Amino acid sequence: MRAEEILSLFPEESRDRWRDVAKQAKRLQEIRLRAGMPLSILVDNKERFVDRQGSLVDMPEEADRPAPEELEKLLGHLCRYSIYAFADEIRQGFLTVRGGHRVGLAGQVILDGDGRIKNMKYIRYLNIRIAHQIRGAADMLMPCLFEEGRVMSTLLISPPGGGKTTMLRDLIRQVSDGTAYGPGVNISVVDERSEIAGSYLGVSQNDVGIRTDVLDGCPKVEGMMRLIRSMAPQVLAVDEVGSLADAQALQMAGGCGCKLLATIHGGSLADVKQKNYMRYMMEQKLFERYVTLERRQGACRIVEIYDREGKPCTRQ
């Protein structure tokens, strides 16, 4: 991650005031802009603020408070000055921009006649989440996830921010490219929220492997079946299983001969067992490995690896 990549997120005429922030590129996690509120960033999980000159300060009363017009100008720049072309993403509440960075949006929604979100206006809140791909994040997992040269269906479990998407991304890359434990295979990814591949204009900004196909922005249930029919994957990957419908779609994919890579929110295996769709997946034996993760001192750490019965595995 280079400072120039952070600066490119902002209109050229305003980049000078973002240079101190850009210097934090390798450790920068978020840039939050709220109209009329202190401008803040998150660096190494610590909140700091940015004053009118662009200097980093520790107190919110010292921070700049961007005007609504500044946010509108920034949004226009992020949309390449064609907000209409990004209307579908704006309606969902986020944009994925060059580099795989994700911009969360909030403001006033416009509803259609059926009460569904049609569009969004008066966007006054932006959260730029900086993408950091960590190659090798899954290295410690690889010996435990292969059996006789084939990858085993694996579910990654962690609380929000615990590193499961980062781990999944690198797991996909390594399985796709091939490792010492098994040859590379064709993988299909349903990237519902553009967080795995970080696609921008249809092109993955993150390295997810040479044999990986990505369906971006598609709901998981529909996307899984679509990819099985169209791309004939050997492995199917999704992020954040969150419903019985998701679990049933995974079962159908597994029934078609696909191995599965997925994640789920939870603090432990015992925690996620309380969810009805998790119990369903375990009863159907959809996964051969369950991996619990946590974030400690800024790094993702493996807590435990379990077999399909939910019993701890001996690490190799």
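## Aromatic rings and a pocket

Trp18 counts as buried, because its relative accessibility is 2%, which lies under the 20% cut-off for that word. Phe10 also has a relative accessibility of 2% and therefore counts as buried. It should be kept in mind that this is a predicted model.

A pair of aromatic rings is described by the distance of the centres and the angle of the planes. There are three aromatic pairs in the structure. In one of them the ring centres of Phe10 and Trp18 lie 4.0 Å apart and the planes meet at 10°, so this pair is stacked, given that planes under 30 degrees apart count as stacked. Another ring, that of Phe94, has Arg102 lying over its face, at 3.9 Å from the ring centre.

The largest pocket holds about 1100 Å³ of space. Its lining is made up of 36 residues, and those closest to the centre of the pocket are Gln29, Arg129, Ile130, Thr166 and Arg295.

Which element gives the largest share of the lining of the largest pocket? That element is H5, from which five of the lining residues come. When the residues of the lining are divided by kind, 10 are nonpolar, 14 are polar and 12 are charged.

Conventions: Residues are numbered from 1 along each chain as its sequence is written. This is a predicted model: local features need pLDDT of at least 70, side-chain atom pairs count only at pLDDT 80 or more; totals for chains, interfaces and linings use all residues. Side-chain values use heavy atoms; hydrogens and water are left out. On a 1 Å grid over the protein atoms alone, a cavity is a set of points where a 1.4 Å probe fits but cannot get out, and a pocket is an open set with protein on both sides within 12 Å along at least five of seven lines; lining residues have an atom within 4 Å of a point. Grid points are joined across faces, edges and corners, and a volume is the space filled by probe spheres set on the points. Helices (H or I, at least four residues) and strands (E, at least two) are DSSP runs, numbered from the N terminus. Ala, Val, Leu, Ile, Met, Phe, Trp, Tyr, Cys and Pro count as nonpolar, Asp, Glu, Lys and Arg as charged, and the others, Gly among them, as polar. Rings of Phe, Tyr and Trp (its six-membered ring) pair if their centres lie within 6.5 Å; planes under 30 degrees apart count as stacked, over 60 as edge-to-face and the rest as tilted. Buried means under 20% relative accessible area, exposed over 50%, partly exposed in between (1.4 Å probe, protein chains only). A charge sits over a ring if NZ of Lys or CZ of Arg is within 6 Å of the ring centre and within 35 degrees of the ring normal.
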